[in-house]
Amino acid sequence: MKTQAAILWERGGSWTVEEIELDPPKHGEVLVEMGGSGLCHSDEHVLTGDLPWPLPMIGGHEGAGTVVEVGPGVEGLAAGDRVIFGFIPACGRCAACSAGMQNLCELGQYLGDGTQISDHTARHHARGQDLGLMCLLGTFAQHTVVSEANCIKIDDDIPLDKACLLGCGVVTGWGSAVFAGGVQPGDTSVVVGVGGIGINAVQGAALSGSQYVVAVDPVEFKRTKALEFGATHAVATSEEAQALVTDLTYGRGANVVVNTTGVGEGDQIGASLAMTAKRGTVVVTNLHRATEETVTLSALDLVLMEKRVVGSLFGSANPRLHIPKLLGLYRSGHLKLDELATRSYKLDEINTGYQDMRDGRNLRGVITF
């Protein structure tokens with residue numbers, strides 16, 4: 001079939017919306033008509049080269065849609081089912097999945113390849129070339145073909161342009177605070193960077209009972225929004241946050257600090273560690289440049305205070321378990337999704353949406369189809 005998609009042809013370029021040829025799904029794959037796709041910073045990392053994944057590529061990895069056709073061997077989905085994509089596939093059978101680490105499923109080793117998991121070939125084509133897919137999904141398209149392993153079936157009552165946000169940002173941010181950070185009632189939490197990931201770390205910390213939730217962002221709009229999403233305090237810099245946390249905790253420090261800036265910097269890990277309490281945890285969720293190999297921190301502080309620095313991918317969550325749970329929190333009014341989607345864009349407005357992200361105008365922009 002023919003459909004429309006946003007393609008990145010060259011590093012540092014713009015997204016080009018054009019017609020593509022889409023093959024039917026093969027074994028274990030489904031054809032999905034998209035309903036919504038979030039504009040996540042991770043796709044920007046591919047554009048800038050921070051993630052040097054191969055081009056040309058259809059962008060987008062935070063999406064939800066309706067199954068149109070299923071390929072042979074698909075057992076858990078049928079035409080008409082509504083799904084959220086988990087940007088990391090979860091086979092349910094490998095050692096990681098069996099140990100409750102679906103976010104680290106062994107199929108994730110193919111995340112940057114851009115081709116189908118089943119046979120490592122392409123279903124998407126344009127200008128006589130095969131097209132890769134961001135995180136095996138390519139949600140910046142009216143239709144896409146993906147593995148069943150990436151699909152989490154959902155009920156019909158959740159709007160797809162809101163449900164899509166659980167494909168990456170909500171689960172990643174929420175889980176960074178709750179699962180990777182282990183926020184407990186009465187804790188002091190700090191979230192450094194309040195974009196589409198960080199704002200959900202704020203939500204997670206607040207709903208977990210953190211006494212103080214300090215949001216850190218240089219953009220005033222984001223600081224204001226953080227207070228609406230559960231932050232108790234909002235400041236512009238880590239230096240301000242450290243002084244505030246010292247005052248709030250009588251010098252003990254924060255129990256959990258979550259790094260969710262747009263582009264990670266090695267120095268920020270050290271700054272976050274400095275405001276962390278004894279046996280506190282720094283969670284590194286934001287992506288760093290692939291070429292960055294230097295982190296600045298006090299190793300003596302790390303050892304003497306038994307502090308921890310941990311990485312978190314997809315919020316250290318189990319998508320098939322936690323996405324439905326988070327949807328339940330949305331239904332009951334405890335999770336803000338409607339407020340999270342700051343602006344909606346059509347597919348051909350994708351470059352405007354990303355410029356708005358760069359300019360700090362959005363918590364999360366959403367493409368609606």
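The structure is a predicted model, in which local features need pLDDT of at least 70 and side-chain atom pairs count only at pLDDT 80 or more, while totals for chains, interfaces and linings use all residues. Residues are numbered from 1 along each chain as its sequence is written, and side-chain values use heavy atoms, with hydrogens and water left out.

Turning to the overall fold, the secondary structure comes to eleven helices and 19 strands, these being DSSP runs numbered from the N terminus (helices H or I of at least four residues, strands E of at least two).

Helix α1, which spans residues 41–48, is mostly covered, since six of its eight residues are buried, namely S42, D43, E44, H45, V46 and L47. These buried residues pack against the strands β1 (2–8), β2 (15–22) and β4 (57–58) and against helix α11 (350–358), and just after α1, G49 takes a positive phi of about 100°.

Two further helices hold buried residues. S238, in helix α7 (residues 238–248), counts as buried at 9% relative accessibility, and its side chain is joined to that of Q268 by a polar contact of 3.0 Å, meaning a pair of N or O atoms within 3.5 Å, where within protein one must be able to donate a hydrogen and the other to accept it, and residues adjacent in sequence count only if both atoms are side-chain atoms. G198, in helix α5 (residues 198–207), is buried at 0% relative accessibility and, leaving aside its neighbours within four places in sequence, is in contact with V191, G193 and T260, contact here meaning heavy atoms within 4.5 Å.

Charged side chains come next. The structure holds 19 salt bridges, each a side-chain nitrogen of Lys or Arg within 4 Å of a carboxyl oxygen of Asp or Glu. K225 and E228 meet in one of them at 3.4 Å, N to O, and, being three residues apart in helix α6 (residues 220–228), they are separated by about one helical turn. R289 forms another with E265, the closest N and O atoms being 3.1 Å apart; R289 lies in the loop between β16 (276–284) and α9, and E265 in the loop between β15 (254–259) and α8 (266–274), so the pair ties together parts that are 24 residues apart in sequence. Both R289, at 35% relative accessibility, and E265, at 37%, count as partly exposed. Elsewhere, K26, E29, D119 and R123 are linked in a network of salt bridges.

Technical notes
Buried < 20%, exposed > 50% of the residue type's maximum accessible area, 1.4 Å probe, protein only.
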